[in-house]
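This briefing sets out selected features of one structure, grouped by topic. Please read it alongside the sequence and the coordinates shown below.

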Amino acid sequence: MSAAALLLAGVTVLLVACGGNGYTRGAFHGYVIDRAKQEITSKFGKPDNTSGSNPASPKWLYVGKTFDPENQNKSDNETTLVPLRDPASGTLKVKEVDYS
């Protein structure tokens, strides 16, 4: 099998696996970690909900944005981004991502 055919087969498998159901956990995590809200909303839109009793550390909730490729591509109901204030810039940046 040629390299081009292998590449095409790999891309096809990736597209079928993603199925338009959002982003893999790894890809989503890689994009949002250490990013400010403005950068995240420009790529993924506004959070579906926000929560947190501490305004200095809110939680941003996205619904149906991610899926788990290690669990038969099961969609995550919610993906929670936990930002903390970055001491260098003073802005909130995501430091933790939880999937449920």
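Rings of Phe, Tyr and Trp count as a pair if their centres lie within 6.5 Å; planes under 30 degrees apart are called stacked, those over 60 edge-to-face and the rest tilted. In this predicted model, Y23, F28, Y31, F44 and Y62 form one aromatic cluster.

**Aromatic pairs**

- Y23 and F28 have ring centres 6.4 Å apart and planes at 45°, so this pair is tilted.
- Y23 is partly exposed, at 32% relative accessibility, whereas F28 is buried, at 0%.
- Y31 and F44 form an edge-to-face pair, with 5.5 Å from centre to centre and 75° between the planes.
- Because Y31 lies in helix α2 and F44 in helix α3, this pair ties together parts that are 13 residues apart in sequence.
- Y31 is partly exposed, with a relative accessible area of 21%; the cut-off for buried is under 20%.
- F44 is buried, with a relative accessible area of 5%.

**Charges over the ring of Y31**

- R35 lies over the face of Y31, at 4.4 Å from the ring centre.
- The charged end of K43 also sits over the ring of Y31, 5.4 Å from its centre.

**Nonpolar core**

- In soluble globular proteins, nonpolar side chains tend to be buried together.
- The largest nonpolar core has 10 residues: F28, V32, I40, F44, W60, Y62, L81, L92, V94 and V97.
- At least two residues of this core come from each of α2 (25-32), α3 (37-44), β3 (59-63) and β7 (92-99).
- With three residues, β7 gives the most to the core.
- F28, F44 and Y62 are listed in this core and also belong to the aromatic cluster.
- Leaving aside residues up to four places away in sequence, L92 touches R35, A36, K37, A56, P58, W60, P83, L84 and R85.
- R35, one of the contacts of L92, is also the residue that lies over the face of Y31.

**Sheet**

- Three strands make up an open sheet in the order β1-β4-β5, with mixed pairing.
- Its edge strands, β1 (23-24) and β5 (74-75), each pair on one side only.
- β1 and β4 (residues 66-68) run parallel and are joined by two bridges.
- The bridge partner of Y23 in β4 is T66; the ring of Y23 is paired with that of F28.

Note on methods
Residues numbered from 1 in each chain as written. Predicted model: local features only at pLDDT ≥ 70, side-chain atom pairs only at ≥ 80, totals over all residues. Heavy atoms only, no water. Pairing = 2+ DSSP bridges. Helix = DSSP H or I, 4+ residues; strand = E, 2+ residues; numbered from the N terminus. Core = buried A, V, L, I, M, F, W, Y, C linked by side-chain atoms within 4.5 Å. Buried < 20%, exposed > 50% of the residue type's maximum accessible area, 1.4 Å probe, protein only. Contact = heavy atoms within 4.5 Å. Phe/Tyr/Trp six-rings, centres within 6.5 Å; stacked < 30°, edge-to-face > 60°. Lys NZ or Arg CZ within 6 Å of the ring centre and 35° of its normal.
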